[in-house]
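Here is my note on the model you sent. Please read it with the structure open.

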Amino acid sequence: MTDEIGPLVAVVNDDTAFLELMEELLSDEGYRTVIHRESDTAYQAIRGAMPALVILDIRMEHPEGGWNVLELLRLDPKTTGIPVIVCSADAIQLRAKQEHLQRHRAVSIEKPFDLDELLELVVSQIGEPRRE
């Protein structure tokens, strides 16, 4: 079955509806998913799972949690190579942090985004899942 062999994508977001949408979208495309609602525990969980990609939400109310996860992923030799897509509804902050994102080898997408645009970004980072 495709979902058993597809690349693992970790999605970090505190919005249950967003997580369900991402899980369904990515699964339909042949990726496996693991979801994390809490930024405080996301880094350790990601380190344990070693996904092919992380989709990391930067919340407008508490953006430091998401930025800390990105920082920890890049400081750890085990996780530093995992591609990260940062998403946020705070377009101004994303644009202001572009240099920071580039230094941390992360790409960004503004919410709300087109699902096809997100999928193109996922494919650009980790390729298409194998189909059988």
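The points below go from the sheet to the helices and then to the cores.

1. Ground rules. This is a predicted model: local features need pLDDT of at least 70, side-chain atom pairs count only at pLDDT 80 or more, and totals for chains, interfaces and linings use all residues. Residues are numbered from 1 along each chain as its sequence is written, and side-chain values use heavy atoms, with hydrogens and water left out.

2. The sheet. Five strands form an open, parallel sheet in the order β2-β1-β3-β4-β5. Strands (E, at least two residues) and helices (H or I, at least four) are DSSP runs, numbered from the N terminus. Two strands count as paired if DSSP finds at least two bridges between them. β2 (32-36) and β5 (106-110) are the edges, each pairing on one side only. Neighbouring strands are turned by 20° against each other on average, direction ignored. Axes are lines fitted to C-alpha atoms, for helices over the stretch in contact, and angles run from 0 to 180 degrees between N-to-C directions.

3. Pairing around β4. Strand β3 (residues 53-57) pairs with β4 (residues 84-88) over four bridges, in the parallel sense. Leu56 stands opposite Val86 of β4, and Ile55 has Ile85 as its bridge partner there. On to β5: five bridges join it to β4, again parallel. Here Cys87 is partnered by Ile109.

4. Is β4 buried or exposed? Five of its five residues are buried (under 20% relative accessible area; exposed is over 50%, partly exposed in between; 1.4 Å probe, protein chains only). Val84, Val86 and Ser88 cover one side, and Ile85 and Cys87 the other; all are buried.

5. Helices on the sheet. Helix α7 (residues 115-126) lies across β1, β3, β4 and β5. Its direction runs at about 175° to β5. Contact here means heavy atoms within 4.5 Å. Leu118 touches Met22, Leu25, Ile55, Ile85, Ile109 and Phe113, not counting residues up to four places away in sequence.

6. Cores. A nonpolar core is a set of buried Ala, Val, Leu, Ile, Met, Phe, Trp, Tyr and Cys residues joined through side-chain atoms within 4.5 Å. The largest has 19 residues; Val9, Val11, Leu26, Ile55, Ile85, Leu118 and Val122 touch the most other members. β1, α2, β3, β4 and α7 each supply at least two residues of this core. Apart from it lies another core, of 18 residues, including Val12, Ala42, Leu73 and Ala106.
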